[in-house]
Amino acid sequence: MAIIRDVMPAFELLQPNAIAEAQQLLERQGGDGWALAGGLDSFDWLKDRIKRPKVVDLSGIDELKGIRTTSSGIEIGAMTTLTEVVQHPVIRQNYGLLAQAAALVASPQIRNQGTIGGNVSQDTRCWYYRGGWPCYRAGGNICYADTPVGRNREHAIFQADRCVAVNPSDTAPALIALDAKFVIYSGKGERVVDAEDYFIGPDIDITRLHILKPGDLLTKIQIPATWSGVQFYFEKVRDRNVWDFPLLNVASAMMISDARIQQIRIAVNAAAARPLRLRTVESAVRGMPPNPATGEMAGKLAVRGAVPLQFNAYKVPLMRNLVKRAIGGVPEASWAS
Ligand SMILES: Cc1cc2nc3c(=O)[nH]c(=O)nc-3n(C[C@H](O)[C@H](O)[C@H](O)COP(=O)(O)OP(=O)(O)OC[C@H]3O[C@@H](n4cnc5c(N)ncnc54)[C@H](O)[C@@H]3O)c2cc1C
Ligand code: SF4
């Protein structure tokens with residue numbers, strides 16, 4: 001069980017000022033290494049969860065910060081804060097989907113400190129796991145949330161495999177819809193992965209939500225110009241609108257011409273341990289008009305195969321309606337009423 005402490009216990013802090021140096025330090029620590037970005041997820045683990053990693057602080061590495069326009073789109077350093085992402089004029093104008101998603105993360109203070117790299121690499125919020133219970137994800141052999149009396153209102157309706165926790169990131173589905181690429185630096189050099197391939201479920205590795213291995217560093221996120229300025233939709237549903245993690249969110253990017261959907265990318269998060277790109281929906285709506293009837297059909301298709309737990313069946317109609325609105329639009333009256 002976690003011990004909630006008033007004072008942060010001592011830990012070893014390493015402070016590199018270059019990407020290569022940080023990577024070498026992380027690699028040298030192996031499984032004990034911990035990259036520290038804004039610290040909003042990290043400090044929670046260090047303070048209360050009795051994790052004692054060797055912490056590699058990324059805040060002194062200028063190469064990891066900032067937003068640059070390139071010949072093929074835009075590049076966001078992993079240590080760029082969410083506030084900078086929200087406020088950047090090119091992101092607001094061309095990739096408004098990401099600005100919208102980042103603006104709905106938590107509170108202004110958290111967005112000022114939290115980074116885009118940390119937001120996509122954060123751990124799940126399952127309270128059993130975060131409370132120090134020895135569940136599957138923590139190396140044990142039980143899932144406390146997936147029992148008839150388990151508290152699983154916020155948990156998964158898709159792709160559970162022993163663990164039913166979800167990925168809580170708001171920016172992740174927006175980056176998938178924008179076809180972003182994640183640049184990872186390791187001892188073997190740089191590799192680039194599609195945003196959707198950055199995230200993994202418990203079937204691949206039950207101990208992490210992303211593909212980073214010890215010694216890997218996420219350095220930047222590239223967004224191609226392909227989806228710049230198309231029709232975007234982002235919606236997040238949460239318990240408290242002041243600030244809270246998503247119960248579900250949806251992000252879509254649609255290219256429309258001749259009143260038909262020509263191209264579309266759509267993803268939801270907080271429905272599974274990884275953000276889900278809805279490829280079946282994308283195929284089904286291509287060539288159709290973006291109207292309520294198409295939205296209705298897409299919503300039904302999106303939730304096919306959902307397996308709700310004891311207390312989260314509400315997520316099935318919720319996801320159906322989010323997808324419906326992302327594609328079919330929102331009638332004025334439904335917001336007004
Ligand atoms: C009260 C609260 C409410 C929140 N609400 C929301 C919400 O509504 N929506 C939402 O999306 N998020 C929410 N968050 C998450 C928050 O927005 C942060 O983005 C997130 O916690 C991590 O960002 P960070 O920069 O603080 O990273 P850290 O906490 O420092 O790091 C998070 C994880 O990512 C790893 N990591 C970070 N950067 C890198 C890198 N460059 N390379 C390799 N690994 C890296 C770290 O090792 C760590 O495991 C909330 C957080 C809190 C505390
Ligand atoms: S849902 Fe996953 S993280 Fe939560 S108790 Fe079950 S195994 Fe642990």
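A residue is near a molecule or strand if one of its heavy atoms lies within 4 Å of it. This is a predicted model: local features need pLDDT of at least 70, side-chain atom pairs count only at pLDDT 80 or more, and totals for chains, interfaces and linings use all residues. Side-chain values use heavy atoms, without hydrogens and water.

**Ligand 2**

Around ligand 2 there are 13 residues, of which Cys126, Cys135, Cys143, Cys163 and Val164 come nearest. The shell divides into 11 nonpolar, 1 polar and 1 charged. Here Ala, Val, Leu, Ile, Met, Phe, Trp, Tyr, Cys and Pro count as nonpolar, Asp, Glu, Lys and Arg as charged, and the others, Gly among them, as polar.

**Strands**

Strands are DSSP runs (E, at least two residues), numbered from the N terminus. Two strands pair if DSSP finds at least two bridges between them. One open sheet holds 3 strands in the order 1-3-2, with parallel pairing. Strand 1 (13-14) and strand 2 (33-36) are at the edges with a single partner strand each, so one side of each lacks a neighbour in the sheet.

Two pairings compare as follows.

| Pair | Sense | Bridges |
|---|---|---|
| Strand 2 and strand 3 (residues 54-57) | parallel | 4 bridges |
| Strand 9 and strand 10 (residues 248-257) | antiparallel | 7 bridges |

Ala35 stands opposite Val56 in strand 3. Gln231 has Met254 in strand 10 as its bridge partner. Strand 9 (residues 231-237) is mostly covered, with 5 of its 7 residues buried. Buried means under 20% relative accessible area (1.4 Å probe, protein chains only).

Conventions: Residues numbered from 1 in each chain as written. Chains lettered and ligands numbered in written order. Buried < 20%, exposed > 50% of the residue type's maximum accessible area, 1.4 Å probe, protein only.
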